[in-house]
Amino acid sequence: MERENNVLDSKWALTDERWQAILLNDASYDDQFIYAVKTTGIFCKPSCKSKDPKKENVRIFQNAQHALSAQFRPCKRCKPTGQRLPDYDWVEQITHFIEMNYREKLTLDTLADMCHGSPYHLHRTFKRIKGVTPVEYIQQWRINQAITALLHSEEPIAAIASSVGIPNTPYFITLFRKMTGMTPAEFRLFNKRNGRAETP
């Protein structure tokens with residue numbers, strides 16, 4: 001059985017030929033294999049015009065069904081299953097990408113590249129389904145992570161700001177106050193005092 005798995009793995013390895021087909025968006029390979037990107041959780045046809053993935057993040061599958069079975073989702077741009085991806089599923093992809101990559105620099109263009117759609121359509125669809133814009137969702141997610149860090153660590157404010165993807169400390173403090181009504185330092189002090197007050 002192990003030998004069979006090895007044969008199967010080698011048959012669907014990322015060869016130089018397949019990698020070139022992906023880089024060149026070569027449609028002649030569309031019926032030969034599907035590729036998925038581990039960091040986005042999305043799979044595409046070789047002809048997909050999406051941003052080139054990093055080679056180490058690519059997995060090769062025989063067809064769309066195999067990629068679906070491995071928990072990857074179809075690309076909204078190239079429709080590798082032949083069906084249009086429902087907007088709710090697409091927004092779930094975008095949300096997952098944000099939550100996994102919130103420490104990185106995230107712009108609407110970045111999200112559109114990684115989640116395979118136009119910035120305008122992504123913004124409009126995300127807001128319709130989530131009730132907030134992608135940028136607002138990113139900010140809220142980052143502040144939530146900062147709250148956790150403030151409650152459970154003694155890290156300096158600047159280090160926490162940087163760790164949640166906001167390296168500009170004054171901006172982080174302003175955004176935190178806007179969303180919570182307190183500065184990060186006030187929030188930490190308030191919760192420490194409350195914690196002590198509740199301790200018998």
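Is Q71 buried or exposed? With a relative accessibility of 67%, Q71 counts as exposed (exposed means over 50% relative accessible area, buried under 20% and partly exposed in between, using a 1.4 Å probe and protein chains only).

## About the model

What you're looking at is a predicted model, where local features need pLDDT of at least 70 and side-chain atom pairs count only at pLDDT 80 or more, while totals for chains, interfaces and linings use all residues. Residues are numbered from 1 along each chain as its sequence is written, and side-chain values use heavy atoms, with hydrogens and water left out.

Let's start with α5 (residues 108-115) and α6 (residues 119-130), which pack at an angle of about 95° with their axes 9 Å apart. That makes α5 roughly perpendicular to α6 (65 to 115 degrees; under 35 would be roughly parallel, over 145 roughly antiparallel, and the rest oblique). Here, axes are lines fitted to C-alpha atoms, for helices over the stretch in contact, and angles run from 0 to 180 degrees between N-to-C directions. Helices are DSSP runs of H or I with at least four residues, strands are runs of E with at least two, and both are numbered from the N terminus.

Who meets whom? On the α5 side there are L108, D109, L111, A112 and C115, and on the α6 side P119, L122 and H123 (contact means heavy atoms within 4.5 Å).

## A closer look at α6

One side of α6 is tucked away: L122, T125 and F126 are buried. They cover an arc of only 100° around the axis, so they sit on the same side of α6 (the arc is that of the directions from the helix axis to the C-beta atoms). Their cover includes α4 (87-101), α5 and α7 (134-152).

## Some loop residues

Back to Q71: this residue lies in the loop between α3 (64-69) and β4 (73-74). Its phi is near 75°, a positive value in a residue other than glycine. K79 isn't a glycine either, yet has a positive phi of about 50°. You'll find K79 in the loop between β4 and α4, and at 33% relative accessibility K79 counts as partly exposed.

T40 sits in the loop between β1 (34-37) and β2 (42-44). T40 is buried, with a relative accessible area of 4%. Leaving out residues up to four places away in sequence, T40 touches F97 and M114.
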